[in-house]
Amino acid sequence: MIDFLRSLPRQITRFEPVTLIATFLAAGGFLLFGKLADEMVEGDLGDMDKYIFMLLREPNDPSNPIGGPQIEVAMRDLTALGGVTVLTIITVAVFTWLLMSRNRASALLLLASVIGGQILSTIFKMGFSRPRPDLVPHAVEVATASFPSGHSLMSSVTYLTLAVMLASVTQMRRLKVFYFVLASALIMLVGLSRLYLGVHWPSDILAGWTLGAAWAMCVWLASKYIRFRLSAR
C-alpha cells in the first residue's frame, strides 16, 4: 500500500488525455447500452425503430430497399466485413503476424478483445432474445437474436482494437487520425448494411456500436495499466 501511494503522483502525471478520453468513452458506451437495453425491454423503442427502418424501404413496396439491386449487392458485400468469417481471418492473420514479430503483448490484447467481445455478444443476445424485424423479408440469412447487433459489436471491437494498435506504433498524428477514421467508417458501414438488409432494428445497431466500442476501450485501458505496473516494477 505504501509503495502504491508513493507511485501515485507518477501515475497521475502519466494519465494522459488519450487515457481520459478512452475512459469516458468506455463509461459512456456502457451507460448508453444500458439505457438502450432498458428502453428496449420496456418497449419504448418500437415507434422510433420502425420509423427509421422504413426510411430505407420503397414507400410503395416496403419489401424492396431504396437504391435498387446494385446498392443491395454492395450492402451484402459490406455486411460481410462484420461477419464471423472475415473478422476471424483478419484476427488470425494479425495475431499470427504479431507472434512472428515477437509482439506477444499486442497479440494477447487482440485475442482478449475479440474473444471477449464475442462472449458479450452471445450472452446479451441469449439474455434479451429480441426477435428480428418482421416487417420485410430478410435479404441475408440470420440465425441468432436481434439485440444487440453482433456484426456491429464485433466490427467495433475488432477494427477499433486494430486502430489503437496501429496508432500506438506511429508518431504521425495524421496517421493516427486516419486509422481511427478508417475504423469508424468501416464500423458505420457494417451497421448501416445490417439495417438496409432488413435484419436489425436501428437500436440493435446502436447498441452493438456502443457496447463494442466500450469493450474495446476497456481492454486497451487494462493493457495500458498492466504495462504501466510492469514498467513501474
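Colleague: Which helices each supply at least two residues of the lining of the second largest pocket?
Modeller: This is a predicted model in which local features need pLDDT of at least 70 and side-chain atom pairs count only at pLDDT 80 or more, while totals for chains, interfaces and linings use all residues. Residues are numbered from 1 along each chain as its sequence is written, and side-chain values use heavy atoms, without hydrogens or water. A pocket is an open set of points on a 1 Å grid over the protein atoms alone, where a 1.4 Å probe fits and protein lies on both sides within 12 Å along at least five of seven lines; lining residues have an atom within 4 Å of a point. At least two lining residues of the second largest pocket come from each of α5 (84–100), α6 (104–128) and α7.

Colleague: Which helix gives the largest share of that lining of the second largest pocket?
Modeller: The second largest pocket has 24 lining residues, with V84, Q118, S121, G150 and M154 nearest its centre. Seven residues, the largest share of this lining, come from α6.

Colleague: How many residues of the lining of the second largest pocket are polar?
Modeller: Ala, Val, Leu, Ile, Met, Phe, Trp, Tyr, Cys and Pro count as nonpolar, Asp, Glu, Lys and Arg as charged, and the others, Gly among them, as polar. In the lining of the second largest pocket, nine residues are nonpolar and three charged, while the polar residues number 12.

Colleague: Are α6 and α7 roughly parallel or antiparallel to each other?
Modeller: Their axes, 10 Å apart, meet at an angle of about 165°; axes are lines fitted to C-alpha atoms over the stretch in contact, and angles run from 0 to 180 degrees between N-to-C directions. Angles over 145 degrees count as roughly antiparallel and those under 35 as roughly parallel. The arrangement of α6 and α7 is therefore roughly antiparallel.

Colleague: How many helices does the protein have?
Modeller: Helices are DSSP runs (H or I) of at least four residues, and strands (E) of at least two, numbered from the N terminus. From that end, the elements run α-α-α-β-β-α-α-α-α-α-α. Besides two strands, the number of helices is nine.

How values were computed
Parallel < 35°, antiparallel > 145°, perpendicular 65-115°, else oblique.
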